[in-house]
Every structure is written in C-alpha cells, then in structure tokens.
Amino acid sequence: MTAETLPRKNVPSTTPAALGLGDRPAKAGPDDPAATHVRVKLDVEIRALLAHEPGTKSGADPEDLHQMRVALRRMRSVLKLSGRLVGPDAEPVRAELGWLGQSLGDVRDYDVLIGHLREVVAEFEVRDQPAARRLVSKFVTERGVAKRRLTRALASPRYASMLQDIGRLARQPATEEADESPQTSADLVAGLAKPHRKLAKAVKVLPADPPDDDLHALRIYGKKLRYAAEMAKPAAKKKQAERIQRLIKATKNFQTVLGEHQDACVAADRMRGVVASVDAEVAFIAGRIAEKELLRRAEVRAVWRDVWAEVDAAAHAVSPRI
C-alpha cells in the first residue's frame with residue numbers, strides 16, 4: 001500500500017467553505033457568460049458530492065453512493081464539454097474525477113446487482129431460498145472488497161487534493177480574463193447540437209439487432225446530452241428553457257430504458273460466470289435468474305427506438321439547427 005492510499009482515520013468530511021466556496025451555491029442567468037454557468041454547475045455538483053460523502057463512507061444507504069457518483073459524472077461531463085472555459089486545469093481535474101469514478105462505479109454496480117437479485121429470488125419457491133441466499137452472499141462478499149477500495153480512496157490525500165482542485169475551478173473570479181471570442185449563454189444552448197449529433201450518428205449506424213455493447217454506448221451518449229442540457233437550461237430564455245426541460249425528461253427516460261438493458265445484460269453475464277464456481281443448487285438458481293434477465297433484455301430491445309425518437313424530437317424542438 002502506498003502512502004497515497006493509506007487511510008486517514010477520524011478525518012472529517014470536507015465542507016464547501018474549506019474549498020473556498022460561499023455559504024450557498026452560486027447562481028447564473030441568461031445574461032451571464034458561459035464560463036459563469038460552468039463554474040456554477042461545478043459549484044452545485046461539488047456540494048452534492050460532499051453532501052453524500054458521509055453516507056457513502058458509512059454505507060448505510062446505497063442511494064448516497066449513487067448520488068455521489070451522479071454528481072461526479074455530471075462534473076466530468078461539464079468539464080469534457082466546456083472545461084476549456086475555466087482554464088487549463090480542467091482536463092487534469094476531469095481525469096482525477098475518472099479515477100474516483102472507477103471506485104464508486106465498482107461498488108454501485110454491485111449495489112444494483114445485489115438489489116435486483118434479491119427482488120428476483122424473493123419470488124422463488126421456499127425450497128430454493130437457501131441456495132438463492134448463498135448466491136447473493138457471494139456477490140455481497142465481492143462488494144465488500146470493492147467498498148474497502150473505495151473507503152481507502154476517499155481517505156487518501158489524492159481525493160483531498162482533487163476536491164481542492166474542483167473548488168478552485170468552481171470559484172467565481174472577481175473579473176473574467178479577456179477572451180478574443182468569449183462564449184455567451186446562448187452558446188451553451190447551441191452547444192447541445194454536438195452531443196445530440198453524436199448520439200444521432202451512433203443510432204443511425206446500428207443494425208436492426210445491435211450488439212449489447214453498442215446499446216450501452218448509446219446510453220452514455222444520451223447521458224452526455226442530458227448533462228449538457230441541464231447546464232444549458234439556466235442559460236436559456238423561458239420558452240427555450242421549457243423545451244430544454246422536455247429534452248432533459250426525454251433523455252432521462254432514454255437512460256432509464258437502456259439502463260434496464262445494461263443491467264439485464266450484466267446480471268445474465270454474472271450468472272453465466274458464477275456457474276462453474278458454485279454447487280448444483282446455486283447453479284440452478286443462477287440459470288433461472290439468467291433466463292429472466294434475457295427476457296428483460298428482449299423487452300427493452302422492443303421499445304428503445306421509440307424512446308430514442310422522443311429524444312430526437314425534443315432535441316430538434318430546442319433549435320432547428322440541432
């Protein structure tokens with residue numbers, strides 16, 4: 001174990017004030033420059049991350065870890081899309097967020113899998129419950145290993161340094177540096193064209209029965225469009241903000257549907273992978289679960305293109321140029 005990953009005991013959670021942020025999140029409106037909106041979004045999301053950090057550490061409620069991960073992913077998306085507006089440190093910070101995101105994602109994946117498996121096996125016959133519990137406990141043990149890695153990451157100097165770096169990016173400067181072509185709030189709205197175009201192109205090239213990995217990639221593209229829309233909404237005038245809200249709703253639904261597909265694929269693969277290392281009774285349960293997951297996968301594949309059509313229509317309603 002390196003000095004960087006050694007856990008620090010009894011270290012209180014960082015506060016927004018410790019990062020140089022105000023008592024309340026900053027705000028921005030349509031008349032503010034694009035850079036201000038980027039900083040405001042970082043301000044809001046770093047506060048959300050910090051708010052859910054104690055619950056993530058304790059593990060009392062998996063939702064805390066989920067929301068901490070969501071805040072992190074939103075910050076990564078903002079920095080990917082518009083990080084250049086807040087300076088050259090944006091990309092290194094985005095890379096560090098990716099480091100933490102891996103640890104959060106590993107635990108979150110187990111939380112989703114374990115929660116779903118418990119729901120599925122609860123419907124099985126009483127005689128199958130002992131084997132079902134043994135199957136679930138296998139993944140609970142694996143989750144424990146991933147959670148310990150996450151705990152070490154959250155207690156590391158690397159994490160503390162990352163928070164300080166985000167705080168510096170989020171703080172509003174007294175004056176913006178001069179820029180030969182400063183971006184305006186309207187540019188954030190126009191910027192929705194790029195993530196929409198990437199998503200539309202990815203959909204267009206898919207075959208009638210696309211590979212599972214390609215549908216997972218679509219979900220990621222959809223998530224980037226949603227996060228871009230969330231940042232653009234405060235920068236838009238009232239009518240356009242309403243249209244952007246419809247786009248946010250449509251992309252959220254798109255994420256949910258393709259998320260169901262991905263969860264089903266992961267669960268089925270996990271069941272395949274576990275068969276060789278368990279007894280016959282547990283293998284039987286794994287087979288039953290895999291069959292259910294493949295059915296869930298098929299149900300999503302029957303509807304996802306209709307959900308995409310709603311996203312596409314909502315995006316074009318925001319601006320004809322999209």
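Biologist: Ground rules before we start?

Modeller: This is a predicted model: local features need pLDDT of at least 70, side-chain atom pairs count only at pLDDT 80 or more, and totals for chains, interfaces and linings use all residues. Residues are numbered from 1 along each chain as its sequence is written, and side-chain values use heavy atoms, with hydrogens and water left out.

Biologist: How many salt bridges in the whole structure?

Modeller: The search finds 22. A salt bridge here is a side-chain nitrogen of Lys or Arg within 4 Å of a carboxyl oxygen of Asp or Glu.

Biologist: Why would such side chains pair at all?

Modeller: Side chains of opposite charge can pair when their charged atoms come close.

Biologist: Start with Arg297. Which residue does Arg297 meet in a salt bridge?

Modeller: Asp212, at 2.9 Å from N to O. Arg297 lies in helix 10 (residues 280–301) and Asp212 in helix 8 (residues 212–232), so the pair ties together parts that are 85 residues apart in sequence. Helices are DSSP runs of H or I, at least four residues, and strands are runs of E, at least two; both are numbered from the N terminus.

Biologist: Which residues are linked in a network of salt bridges?

Modeller: Asp209, Asp212, Arg297 and Arg301.

Biologist: Now Arg226. What does Arg226 pair with?

Modeller: Glu230, with 3.1 Å from N to O. Both lie in helix 8, 4 residues apart, about one turn of the helix. Arg226 is buried at 12% relative accessible area, and Glu230 is buried at 15%.

Biologist: What does Arg74 touch?

Modeller: Lys41, Glu45, Arg226, Tyr227 and Glu230, not counting residues up to four places away in sequence. Contact means heavy atoms within 4.5 Å. Arg74 lies in helix 2 and is buried at 16%.

Biologist: And Arg94, which residue is its partner?

Modeller: Glu91, with the closest N and O atoms 3.1 Å apart. Arg94 counts as buried at 15%, while Glu91 is partly exposed at 43%.

Biologist: Change of topic. Which residues form the positive surface patch?

Modeller: Lys80, Arg84, Lys194, Arg197, Lys198 and Lys224. Patch residues have over 30% relative accessible area and no salt bridge; like charges are joined within 9 Å, nonpolar side chains (Val, Leu, Ile, Met, Phe, Trp, Tyr) within 5 Å. Lys and Arg count as positive and Asp and Glu as negative; His and the chain ends are not counted. A charge is placed at NZ of Lys, CZ of Arg, CG of Asp or CD of Glu. Areas come from the Shrake-Rupley method with a 1.4 Å probe, and for residues only the protein chains shown count as cover.

Biologist: Which helix gives the largest share of the patch?

Modeller: Helix 7 (residues 193–204), with 3 residues. Lys80 sits in helix 2 (residues 62–82) and is exposed at 53%.

Biologist: Where is Met271?

Modeller: In helix 9 (residues 238–274), buried at 1%. Beyond four places in sequence, the contacts of Met271 are Leu117, Leu135, Phe139, Ala286, Ile289 and Ala290.

Biologist: Last one. Is Ala90 buried or exposed?

Modeller: Buried, at 3%. Ala90 lies in helix 3 and touches Leu79, Gly83 and Leu169, not counting residues up to four places away in sequence.

How values were computed:
Buried < 20%, exposed > 50% of the residue type's maximum accessible area, 1.4 Å probe, protein only.
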